[in-house]
Every structure is written in structure tokens, then in C-alpha cells.
Amino acid sequence: RLGRIVDDLLILARADSGERPPTLVRLFLDDVVADAAGAAGALALSRGVAVELGAFDEAPVLGDAELLRQLVMILLDNGIKFTPSGGTVTVSVARETERTVLAVADTGPGIAPEQLPHVFERFYRGDPARGRGDLGAGSAGGAGLGLSIAHWMPTAHGATITVASTVRHGTAASVGFPL
């Protein structure tokens, strides 16, 4: 766990210093997302959560494949972590008029409105009643760095990320990439 925290802190430090600019190449976001969704499937299965593909348009973007895959994995991991057994995490890629949108939505407990403005802050963990992953069943784990990293990645690609949530009905993260 400590190794993962150190890795996450190094990613953020390199991002802050400009040491890790994205290597932008033309790629298909739908391919990156499909690969990440397949990899997240094993984690989801072990937790009794289904990962489903929603709308899935062919989506060419300028991006760094490694960073975009990590972004999708962070969003899927959060959805899976906070969705109870029997729930669903849906990932989609849709081309709109002026942008391509990556969306990850879950059927978890949602995030309280007063917590939403803080979800991208480093070390923010929301409800203090939630335990860490090493403390037993039902705990969500994490150090509160994943969404901070997920916030930097779209910004580095000229994209935007938003999170919307309704308590008891789930959370949805959206990343809008310019065409």
C-alpha cells in the first residue's frame, strides 16, 4: 500500500513540476477504454460488481495512451470500490458535436453535495466513517490521491473532468475531450 502511495505522489510531483508532459499522438479513445474495462473486469468480478459498456462510438483523440488508460482505470476502480455487490459500473465513449465524452457511472451510494467540490483534492477521502482497504470488509481503501491524478490527466490533454452524484443513486464522472 505504501508503494502505491509513493507512486501516486511521484506522479503528482512530476505533473506539478511539468516533468511528465503527455506525449500526444492520434489514438482511438474507445480502444483504450475497452482495454481498461477488460482489465478492471477481474476486480469487479471479485467484488460482485458488473462492468458494462454503454454507448461506444469510435473516438479518435490526441492523447497519451498510457495516461489515458491510467485515467480510465482510476475512474473504474473508484466506481467498483464504492458500488455494493450486485451493482453496476457503466463506461461509455460518445462523440458529440464539439467533443468526445468518456463517462463512468456507478450504482453506488453517491457522494453528498457538500463533498463534491472536494473530490479532486489531494488526500481527500470524503466520509470519515469509511475505512481503509486494509481494515476489513466494507472498507473502500485508498489514500485520496486517485481523483487528484485523474484531474491532472484530462487537464494535460486539454480536456475537462466533472463529477456528478446523487446520494443513494450513484456517481458519474465525465471527461470531455476536444475534437
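In this chain, 71% of the contacts with a separation of 6 or more are between residues 24 or more positions apart; a contact means heavy atoms within 4.5 Å. The structure is a predicted model, in which local features need pLDDT of at least 70 and side-chain atom pairs count only at pLDDT 80 or more, while totals for chains, interfaces and linings use all residues. Residues are numbered from 1 along each chain as its sequence is written, and side-chain values use heavy atoms, with hydrogens and water left out.

**Overall make-up**

- The chain holds four helices and seven strands, where helices (H or I, at least four residues) and strands (E, at least two) are DSSP runs numbered from the N terminus.
- Along the sequence these elements follow the pattern α-β-α-β-β-α-β-β-α-β-β.
- Of the 179 residues, 41% are buried; buried means under 20% relative accessible area, exposed over 50%, and partly exposed in between (1.4 Å probe, protein chains only).
- The chain exposes about 9200 Å², and carbon and sulfur atoms supply 56% of that area. Accessible areas come from the Shrake-Rupley method with a 1.4 Å probe, and for residues only the protein chains shown count as cover.

**The sheet**

- Five strands form an open sheet with mixed pairing, in the order β2-β4-β5-β7-β6. Two strands pair if DSSP finds at least two bridges between them.
- The edges are β2 (50-56) and β6 (160-166); each has a single partner strand, so one side of each is left without a neighbour in the sheet.
- On average, neighbouring strands of this sheet are turned by 15° against each other, direction ignored. Axes are lines fitted to C-alpha atoms, for helices over the stretch in contact, and angles run from 0 to 180 degrees between N-to-C directions.
- Strand β4 (residues 88-95) pairs with β2 in the parallel sense over five bridges. Ala50 has Thr88 of β4 as its bridge partner.

**Helices on the sheet**

- Helix α2 (residues 29-47) packs on the sheet and touches β2, β4, β5 (99-106) and β7 (170-178). The direction of α2 makes about 165° with that of β2.
- Helix α3 (residues 65-81) also packs on the sheet, touching β2, β4, β5, β6 and β7, and its direction makes about 30° with that of β5.
- The axes of α2 and α3 come within 9 Å and cross at roughly 35°.
- Residues of α2 in this contact include Leu29, Val32, Val33 and Leu43, and those of α3 include Leu68, Val72, Met73 and Ile80.
- The residues of the contact of α2 with α3 divide into 15 nonpolar, no polar and five charged. Ala, Val, Leu, Ile, Met, Phe, Trp, Tyr, Cys and Pro count as nonpolar, Asp, Glu, Lys and Arg as charged, and the others, Gly among them, as polar.

- Ala164 is in strand β6 and is partly exposed, with a relative accessible area of 47%.
- Not counting residues up to four places away in sequence, Ala164 touches Gly170, Thr171 and Ala172.
- Arg168 lies in the loop between β6 and β7 and is exposed, with a relative accessible area of 70%. Arg168 is not a glycine, yet it has a positive phi of about 70°.

**Helix α4**

- Buried residues of helix α4 (residues 146-156) include Leu147, Ile149, Trp152 and Met153.
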